[in-house]
Amino acid sequence: MWLNKRLASFKYAFKGLLILVQTQPNFIIHLVIATIAIGVAFWLQLTIVEWSVLIFTITLVLFAEAANSALEFLTDLISPDYHPFAGKAKDVAAAAVLITAIGAVIIGLILFIPKLLEKI
């Protein structure tokens, strides 16, 4: 019984991931950028610490996008008509994604630029 509940929770998590991929274009954009970053990281032969920072950064951006989407779905359910507070909630959640994406770009530059300069 305990194992069945744990397996079911994974089923729901993968269902949520599928919902993100099917309904959220920005999530797809983040996945594409993450895939490119991973490819560049292989090419530049990042160290284990650099890989850890990169994977954590990618995870953080994808988490922020997922949390933003969940909040948007919930806000649309609770407030189907326009309400200024609903708009503010969505805007702040989107800002969280923007903040993590900007941080990810900065981290990417820190990780990649020195290695790219070495290759030149």
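Visitor: What should I know about the model before we start?

Guide: It is predicted, so to speak of local features we need pLDDT of at least 70, side-chain atom pairs count only at pLDDT 80 or more, and totals for chains, interfaces and linings use all residues. Residues are numbered from 1 along each chain as its sequence is written, and side-chain values use heavy atoms, with hydrogens and water left out.

Visitor: Which helices supply the lining of the largest pocket?

Guide: Rolling a probe the size of a water molecule over the atoms shows where empty space is left. Helices H2 (25-44), H3 (48-78) and H4 (84-119) each supply at least two lining residues, helices being DSSP runs (H or I, at least four residues) numbered from the N terminus. H4 gives the most, with six residues.

Visitor: Where does H4 kink?

Guide: At Phe112, by about 30 degrees, shortly before Pro114; the bend is the angle between axes fitted to the seven residues ending there and the seven starting there.

Visitor: Is His30 buried or exposed?

Guide: His30, in H2, counts as buried because its relative accessibility is 17%; buried means under 20% relative accessible area, exposed over 50%, partly exposed in between (1.4 Å probe, protein chains only).
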